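Here is a short briefing on one protein chain. Look at the sequence and the model first, then read the points below.

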Amino acid sequence: MRHDRAHGNHRDSAADVRDFFTPRAADWDSRFPDDGPAYAAAVADLGLRAGDAVLDAGCGTGRALPALRAAVGPRGTVLGFDLTPAMLAAAVRAGRDRDGVLALADVAGLPLRDGCLDAVFAAGLISHFSDPETGLRELARVVRPHGSIALFHPVGRAALAARHGRPLTSDDLRAEPNLRPLLARCGWRLEAYTDEDTRYLAVAVRQG
């Protein structure tokens, strides 16, 4: 399986995702030690309020969980779901299970009732969907009307492509002309879009 992390237009199965992340889990945070402020800034743009319920979808080692907990406060609900047991184990070792409830789960089939969340935070997730429409529709299912989703990466598309030594392509799902209609088909309205060297962030609102 070719893991084309720069383009965002490949299709990963659940097994592909686990195979990619399992051997990288132990030192994942040390590979990206300076990303914390970018995660915190993206969480701030999600517009969470005290008492909200939020899911970090594909939470990995849980780097967003402290910021999510700070945003929703002690009475809010923070969930961190990931496909890879090794990444969840790394989150526990880092103490991030104190900030949210961690669970092994596939974002394509969430163990959550309809409309139970106020928001979803998703870092790098869209690049790993085997079927982006199915995944984004499932996330829309569990978010209340007018709730929000943040699709985030700590660097922009061009910087990520350069990191991998690959050019950007016109079919990149994360490009605004592709992402906007994709989100619309799945029940979301794109509200804000930023793609610069130091940040990628798309914020959308749940329709209906």
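Of the chain's 208 residues, 54% count as buried (under 20% relative accessible area with a 1.4 Å probe, protein chains only; exposed means over 50%, and partly exposed lies in between). The model is predicted, so local features need pLDDT of at least 70 and side-chain atom pairs pLDDT 80 or more, while totals for chains, interfaces and linings use all residues. Residues are numbered from 1 along each chain as its sequence is written, and side-chain values use heavy atoms, without hydrogens and water.

**Overall build**
- The chain has eight helices and seven strands (DSSP runs numbered from the N terminus: H or I of at least four residues for helices, E of at least two for strands).
- Its radius of gyration, taken over C-alpha atoms, is 16 Å, close to the 17 Å from the globule rule (2.2 Å times the number of residues to the power 0.38), so the chain is as compact as a globular protein of that length.
- The C-alpha trace spans about 45 × 40 × 30 Å along its principal axes.

**Helix 8**
- Leu179, Leu182 and Leu183 are buried in helix 8, residues 176-185.
- Seen down the helix axis, the buried residues of helix 8 fall within an arc of 95° (by directions from the axis to the C-beta atoms), so they line one face.
- The exposed residues Pro177 and Ala184 sit on the face turned away from the buried side of helix 8.
- Cover for the buried residues of helix 8 includes helix 6 (132-142) and strand 5 (143-153), by contact (heavy atoms within 4.5 Å).
- After helix 8 comes Gly187, with a positive phi near 100°.
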